[in-house]
Amino acid sequence: MSRLLILGPLAGPLGVAARMAQARGAGIAQADTVPAALAHLRGPGADLTLCHVGLDVGALLRGMAAERMACPVVACGPEEASAEAVAAVRAGARDFLPLPPDADLIAAMLEAASGLGGPEVAPVARDPAMLAVLARAAQVARADASVLITGESGTGKEVLARHIHAASRRASGPFVALNCAALPETLLESELFGHEKGAFSGAVAMRKGKFEQADGGTLLLDEVGEMDPRLQAKLLRAIQEREVDRLGGMRPVRVDVRILAATNRDLVAEVRAGRFREDLYFRLDVVRMRLPALRERVADILPLAEHFARRFADANGLPRRMLSPAARATLAAHRWPGNVRELENAVHRAVLLAEGHEIGPEAVELTPAEPSAAAAGGATGVEALVGRKVDEVERDLIIGTLSHCLGNRTRAAEILGISIRALRNKIQDYRASGLAVPAAHGYAAD
Ligand SMILES: Nc1ncnc2c1ncn2[C@@H]1O[C@H](COP(=O)(O)OP(=O)(O)OP(=O)(O)O)[C@@H](O)[C@H]1O
């Protein structure tokens, strides 16, 4: 559950905003004064703070900066308060939310605060590749071992991490996520480990870091490959000893936290290049889960698209509409370099743009360079093939797909839309004619 801190009176429009955020799955805490808000941020912490402009937003932001607290702040107030809105944004507020609140804006704000989108739902999955990932997640959830989740950007690594937490013995404890790439080193250190009063000039009080906030629950370290070596050493110690040293602290604090780490980098290569500590890598990589790219689990595309179409219709107060057969064909044929996040954005736009009783292909705007030539019927792709025999093109497509899937027959057959038996027969024919066919790495031979 994402954690929203509301600074201001809950009677009136701020209370309405709180209920809207709650309906989208956020946990709400409230403070009446800037010092009370700072105290809350030092203790339990929050993922997003909403501050009424009737209070001193500047003082809140200055206090947070002095204490190296990185929680995003959104200012809010009556629409007429434009001078206060400008001042708040100048002082460092991320945005201004006019009151009375608009449900869409609340939703967008929660989403923009990253990973705080919508009520938490089980990951949508229909493709065998993704079902296998979820089956493994169910197995590993029960243990307390660290899990390293790898996968391209936007494949759903955070979604999987939340799912593992929800299925674990720690489900009733907190789930805390931190993006290690988003913050400079000193801020990241404070966010992770907290600090004691007097640790640096702005440290007017003790503050708990994410490790302590996640006590009894799960801590997701997103983009862990981006962490600098000094913090890697501190992280290793925290994991090994199960205790953290607050900045300026004299004695370590015990924590009971399960670590999930996510990365879209090749951590093995990072270790080889000397940029990531090998001992830390082994601590994080007790269980590894790789999220396949969306193009490797094509059977998920339409169920995900339908899920997002429903979700964005509801969030925007629009009637739920079906995707037309042509829109579905367009989505199914795209290569999805940006994975589920790209699909989510495309469907969001389509829900807003579509006119009529269903969502047609004209509402589905995909980046022109991205659709696969064959799928989009792109002139250049087809033209390049003119003059070649169907058998040859088929052979090149099959071998190219196999090598893309590192020789994995099951996955290649899924992408090609043919049965594994048909694929095997083709491979046998190619081999018989003396062609080199990509070998199956670590998979059963044909
Ligand atoms: N299986 C799924 N079911 C429903 N929604 C999903 C699923 N996978 C991803 N999403 C949605 O897609 C978006 C991207 O997912 P997420 O943030 O988990 O990806 P990520 O791999 O952590 O991305 P990054 O590498 O950029 O941190 C999110 O809005 C998430 O809600």
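Residues are numbered from 1 along each chain as its sequence is written. In this predicted model, local features need pLDDT of at least 70 and side-chain atom pairs count only at pLDDT 80 or more, while totals for chains, interfaces and linings use all residues.

Start with the annotation. An unreviewed UniProt entry lists residues 123-352 as "domain: Sigma-54 factor interaction". Such annotations may be inferred rather than shown by experiment. The span is 44% helix and 13% strand. Here helices (H or I, at least four residues) and strands (E, at least two) are DSSP runs, numbered from the N terminus. The end C-alpha atoms of the span lie 23 Å apart.

Finally, look at helix α10, residues 229-241. Its 13 residues reach 18 Å from first C-alpha to last, close to the 18 Å expected at 1.5 Å a residue. The expected span is 1.5 Å times one less than the number of residues. L235, A238 and I239 are buried (20 or more other C-beta atoms within 10 Å of their own, C-beta atoms being placed from the backbone). They cover an arc of only 95° around the axis, so they sit on the same side of α10. That arc is taken from the directions from the helix axis to the C-beta atoms. On the other side, P229, R230, Q240 and E241 are exposed (12 or fewer such atoms).
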